[in-house]
Amino acid sequence: MAESKEYLKHENEIGNVNISEDVIASIAAVSATEVEGVTGLTSGINFSEIFGGKKASSKGVKVQLGEDQVTVDLFLSIRYGEVIPTIAAQIQDKVMSAVESMTGLTVSAVNVHVAGVSFEKEKPTDSAKDE
């Protein structure tokens, strides 16, 4: 079975810096959920996981590392009524910016998979409480 790469290694004059895929997944997850309209991350069905491939780094986030670049797949839920292409573009921009600025990696792609829609329950109004 092929050994999976779990750390991206940067060597410099002073020593090595190792960045875990889990760290990249966490940065992407936090960044994505900060976008207005995103209600949360979901577990996407990943057939490579089912058939013995590499598992996702974090719930709702899959990270693939190259030499000095990374691809991020996000599986998430959007609030009902939001314009999905607009929200997805905001997610892509925010995740790319956060990962690149915090890790120094080049993000080759941020793939957004809308796996669900959330419906918010109506909150009771003050007049309904008085009745």
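What you see is a predicted model, where local features need pLDDT of at least 70 and side-chain atom pairs count only at pLDDT 80 or more, while totals for chains, interfaces and linings use all residues. Residues are numbered from 1 along each chain as its sequence is written, and side-chain values use heavy atoms, with hydrogens and water left out.

**The overall layout**
- You'll find four helices and six strands in the chain; helices (H or I, at least four residues) and strands (E, at least two) are DSSP runs, numbered from the N terminus.
- Reading along the sequence gives the pattern β-β-α-β-α-β-β-α-β-α.
- The chain has 131 residues, and 32% of them count as buried; buried means under 20% relative accessible area, exposed over 50%, and partly exposed in between (1.4 Å probe, protein chains only).

**The nonpolar core**
- The largest nonpolar core has 27 residues; such a core is a set of buried Ala, Val, Leu, Ile, Met, Phe, Trp, Tyr and Cys residues joined through side-chain atoms within 4.5 Å.
- Helix 1, strand 3, strand 4, strand 5, helix 3 and strand 6 each supply at least two residues of this core, and helix 1 gives the most, with six.
- The residues with the most contacts inside the core are Ile24, Val61, Val70, Leu74, Leu76, Ile91 and Val95.
- As a general point, nonpolar side chains in soluble globular proteins tend to be buried together.

**Helix 1**
- Helix 1 has 13 residues and reaches 18 Å from its first C-alpha to its last, close to the 18 Å expected at 1.5 Å a residue; the expected span is 1.5 Å times one less than the number of residues.
- Its buried residues are Glu21, Ile24, Ala25, Ile27, Ala28, Ala29, Ser31 and Ala32, and what covers them includes strand 2, strand 3, strand 4 (61-65), strand 5 and helix 3.
- Leaving out residues up to four places away in sequence, Ile24 touches Ile19, Val63, Leu65, Val70, Val99, Thr103 and Leu105.
- At the start of helix 1, a side-chain oxygen of Ser20 comes to within 3.0 Å of the backbone nitrogen of Asp22.

**Helix 3**
- Helix 3 covers residues 84-103, and buried in it are Ile87, Ala88, Ile91, Val95, Ala98, Val99 and Thr103.
- Seen down the axis of helix 3, those buried residues fall within an arc of 110°, so they line one face; the arc is that of the directions from the helix axis to the C-beta atoms.
- An α-helix has 3.6 residues a turn, so residues three or four places apart point the same way.
- Pro85, Asp93 and Ser101 sit on the other side of helix 3 and are exposed.
- The buried residues of helix 3 pack against several elements, including strand 1 (7-11), helix 1 (21-33) and strand 6 (106-118).

**Thr103 and what follows**
- Thr103 belongs to helix 3 and is buried, with a relative accessible area of 10%.
- A polar atom of the Thr103 side chain lies 2.5 Å from the backbone oxygen of Val99.
- A polar atom of that Thr103 side chain also lies 3.2 Å from the backbone nitrogen of Leu105.
- Setting aside neighbours within four places in sequence, Thr103 is in contact with His10, Ile19, Ile24 and Ile27.
- Just after helix 3, Gly104 takes a positive phi of about 80°.

Terms used:
Contact means heavy atoms within 4.5 Å. A polar contact is a pair of N or O atoms within 3.5 Å; within protein, one must be able to donate a hydrogen and the other to accept it, and residues adjacent in sequence count only if both atoms are side-chain atoms.
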